[in-house]
Every structure is written in C-alpha cells, then in structure tokens.
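User: Hello! I would like to learn how to read aromatic ring pairs in a protein model. Could you walk me through it?

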Amino acid sequence: MGKRIKIAAAAVVVALGISADAAAGDFQFGLYGGWSGSFDSDATFKRGNSDFTLHSIPWEGLSFDYKGGAPYYGIRGTYWLNSTPMPAPKWGIMLDYTHAKVRAEGSAKVKATGTYMGKPAPNRMKISDTFSRFEFTDGLNLLTLNAVRQLPPLGTIRPYVGGGLGIARPHVEVTGPGFPKTFEYQVTGLAAQILAGVDVPLTDHFSLFSEYKLSYAGVDADLKKGGHLNTNVWTNHIVVGASLRFGDGS
C-alpha cells in the first residue's frame with residue numbers, strides 16, 4: 001500500500017509542477033466526453049477457501065449511464081515545451097484524467113479454474129451467480145502523464161499523437177458469496193495509454209478536438225476482510241471535446 005501512496009503523491013507533485021510552469025508558456029486546457037469499450041479479461045479472486053479465476057469476462061461499457069455517478073468524461077492540461085509558431089511540430093507534456101465505466105456482464109457464463117468455496121470451481125460459472133456486483137461504474141479512473149507531439153497541420157487541422165504512464169484509481173465494487181461488500185476507491189496499479197487525434201481551432205484560443213486512445217488499467221485491489229482481486233482492463237476510447245489555449249505559440 002505504501003508504494004501506491006508514493007505513486008499517487010508523485011503524480012500530484014508533477015501536476016503541480018506543470019501548473020506552475022504553464023503560466024510562463026503555451027498552455028492548453030481541455031474537457032471531453034465520449035465512448036469507451038473494454039476487451040474481455042481474466043479476473044482472479046482470493047479470500048478464505050476461495051482462490052479462482054474467471055476467464056475472458058466480457059465487460060459492459062456504460063459511457064452514457066448517468067445512474068450511480070457521472071457518465072464518461074475527461075479533463076486534461078497540456079504544456080507545450082516551445083512556442084514556435086506552426087507549421088513547426090512541437091512537443092508537449094499532458095496530464096490527462098479519464099473517468100470511464102465498466103461492469104462485468106452478469107448474464108455471461110465463463111470458464112472458471114481454481115477453488116471456489118473450498119471445492120474445485122465448476123467448469124463454467126455464471127457471473128451473476130458468482131457475484132451480485134462486480135463493476136467499476138463509479139469510475140475506472142486513469143491519471144496519466146503523457147508526451148504529446150503536435151504534427152504539421154493539414155490546412156487548419158492540427159493532428160497529434162502521444163502516450164504515457166500513470167496510475168489507475170478505480171472505484172472497486174465487488175459483492176458475492178464469500179466476498180463481503182467492497183465499495184471504495186483504491187489506487188490499484190499502473191495505467192498506460194496511447195492516443196492520436198486532431199485539434200480544430202475555431203479562434204486563436206478556442207478549439208474542438210476528436211481523439212482515439214487505447215488504455216490499460218492494472219487492477220490489483222484489496223477486498224474486504226482479507227479478499228483480493230486481480231485483473232487487467234484494456235479499453236478503446238473515442239472522445240470529443242473542447243479546449244482553451246493560452247500563450248504566444250497558438
């Protein structure tokens with residue numbers, strides 16, 4: 001747990017440093033919404049006399065679900081390292097926070113291995129029979145520090161690419177036989193993403209953008225009363241947003 005706290009603290013320090021420097025350079029602040037869909041993944045659960053893995057769990061994306069919290073959204077700040085006027089390419093540092101939502105598909109029957117409630121796990125288990133709740137619907141939250149490259153423009157359109165690393169802080173929601181209710185935010189491991197998009201300036205300081213990104217969230221979570229969950233979630237994102245830009249390099 002100490003390592004998780006140190007990682008989170010480091011991210012905060014970086015964020016504050018970027019904010020402090022941005023006033024002296026070219027800074028871009030953006031808000032976005034969109035859609036996300038996650039790939040199937042294995043999940044391992046441990047507690048007491050249970051130690052089993054559910055294989056290829058299908059995840060439901062709930063990007064536009066307003067129940068139980070906000071729908072999909074993101075917020076970011078980008079500090080461009082030079083103010084060279086376009087069309088010269090430039091590098092930037094982006095701090096990006098994404099609030100995605102996923103839930104295990106309860107009706108799915110998936111392969112199971114290991115020990116469940118002290119007995120060999122059935123060959124196939126229905127997720128809703130195993131867990132009344134298994135989801136990250138209050139957020140599969142990612143905070144990443146990214147390097148971004150603004151490419152030569154296509155007319156007035158500014159394409160860009162990037163990628164980075166950070167932390168995953170999902171709201172862990174797990175309840176089932178032998179697993180008392182877990183319902184809390186945790187820093188659970190590494191987050192990573194790559195992205196590509198286009199920025200379309202409407203004025204010198206205001207623009208719209210659209211983007212695709214692929215993210216990874218490592219979930220190594222503690223469950224109540226000595227339980228444990230481990231899974232890795234890969235997610236496709238398609239986002240649209242708006243940004244304000246300040247500085248001489250616009």
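Analyst: Happy to. Rings of Phe, Tyr and Trp pair if their centres lie within 6.5 Å, and planes over 60 degrees apart count as edge-to-face. This is a predicted model, and by that rule the count comes to 15 aromatic pairs.

User: What is the geometry of the pair Phe 52 and Tyr 116?

Analyst: The ring centres of Phe 52 and Tyr 116 are 5.1 Å apart and the planes are at 80 degrees, so this pair is edge-to-face. Phe 52 belongs to strand S3 (residues 50-57) and Tyr 116 to strand S7 (residues 109-116), so the pair ties together parts 64 residues apart in sequence.

User: Are Phe 52 and Tyr 116 buried or exposed?

Analyst: Buried means under 20% relative accessible area. Phe 52 has 0% relative accessibility, so Phe 52 counts as buried. Tyr 116 is at 16%, so Tyr 116 is buried too.

User: Which residues do ring pairs link into a cluster?

Analyst: The cluster includes Phe 52 and Tyr 116, along with Phe 45, Trp 59, Phe 131, Phe 134, Phe 136 and Phe 179.

User: And how do I read strand pairing?

Analyst: Look for bridges between strands. Strand S10 (residues 133-150) runs antiparallel to strand S11 (residues 158-168), and nine bridges join them.

User: How confident is the predictor?

Analyst: The mean pLDDT of the protein is 88, with 84% of residues at 70 or more. Over residues 1-24, however, the pLDDT is below 50.

Conventions
Residues numbered from 1 in each chain as written. Predicted model: local features only at pLDDT ≥ 70, side-chain atom pairs only at ≥ 80, totals over all residues. Heavy atoms only, no water. pLDDT = per-residue confidence, 0-100. Contact = heavy atoms within 4.5 Å. Pairing = 2+ DSSP bridges. Helix = DSSP H or I, 4+ residues; strand = E, 2+ residues; numbered from the N terminus. Phe/Tyr/Trp six-rings, centres within 6.5 Å; stacked < 30°, edge-to-face > 60°. Buried < 20%, exposed > 50% of the residue type's maximum accessible area, 1.4 Å probe, protein only.
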